[in-house]
Amino acid sequence: EAEISVKNAEILQLKDYTRNEIADLENRLDASENELNAKKEELTSKEAEISVKNAEILQLKDDTRKEITDLENRLVASENELNVQKEELAVKVAEISNKNAEILKLKDDRSKKIAELEKQLVIKNKDLQDMSKELEEARKSHKALETRPTVPKKESKSFLTNVDKNK
């Protein structure tokens with residue numbers, strides 16, 4: 001009976017120890033479950049945040065694609081306008097080049113005409129000088145004839161004397 005009593009005491013002690021262990025394990029299990037639930041809630045919250053961020057990213061991607069498309073369209077339109085302006089500029093440059101060529105030809109023609117007129121002027125001046133000399137000589141000759149005295153035929157010696165005096 002003493003052995004049974006010791007065994008019963010050991011069994012009771014073992015039951016008590018097991019109950020304490022089970023209670024401790026249940027408490028630890030509850031704490032783990034609470035922590036797990038908190039982590040689940042945190043994970044759910046993070047998933048919701050990620051979901052919101054993904055939606056924002058998708059919206060940004062869509063907005064960016066639209067902006068890029070708009071910018072590309074504007075760029076193409078600008079390039080087209082630039083090409084039109086380049087063509088217009090090329091036409092104007094060609095027109096200016098043609099006008100410059102015309103101006104240079106007109107200047108060249110004018111220079112040639114001026115040179116020709118200057119030559120003609122030199123010739124006319126020379127002719128005028130020659131005519132002026134001839135006119136002066138004709139005047140002198142005419143004046144000499146006017147101042148010559150009319151001498152009778154007898155007095156021819158004095159006539160020569162008068163001519164010598166006039167010279």
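How many salt bridges does the count come to? The count comes to 9 salt bridges in this model, which is a predicted one. The protein chain has 167 residues, and its secondary structure consists of 2 helices and 0 strands.

**The chain as a whole**
- Helix α1 covers residues 2-147, and it belongs to a chain with 2 helices and 0 strands.
- The share of residues that count as buried is 0%.
- About 15,800 Å² of accessible surface belongs to the protein chain, and carbon and sulfur atoms account for 56% of that surface.

**A general idea to keep in mind**
- Side chains can pair when they carry opposite charge and their charged atoms come close.

**Arg28 and Asp24**
- One of the salt bridges joins the side chains of Arg28 and Asp24, with a distance of 4.0 Å from N to O.
- Both residues sit in helix α1, and they are 4 residues apart, which is about one turn of the helix.
- Arg28 is exposed, because its relative accessible area of 51% is over the 50% cut-off.
- Asp24 has a relative accessible area of 36%, so Asp24 is partly exposed.

**Lys53 and Glu56**
- Lys53 pairs with Glu56 in another salt bridge, where the closest N and O atoms are 3.9 Å apart.
- Here the spacing along helix α1 is 3 residues, again about one turn of the helix.
- Glu56 is partly exposed, with 41% as its relative accessible area.

**Lys112 and Asp108**
- Lys112 is exposed, because its relative accessible area of 52% is over 50%.
- Asp108 is partly exposed, since its relative accessible area is 37%.

Definitions and conventions
Residues are numbered from 1 along each chain as its sequence is written. This is a predicted model: local features need pLDDT of at least 70, side-chain atom pairs count only at pLDDT 80 or more; totals for chains, interfaces and linings use all residues. Side-chain values use heavy atoms; hydrogens and water are left out. Buried means under 20% relative accessible area, exposed over 50%, partly exposed in between (1.4 Å probe, protein chains only). Accessible areas come from the Shrake-Rupley method with a 1.4 Å probe; for residues, only the protein chains shown count as cover.
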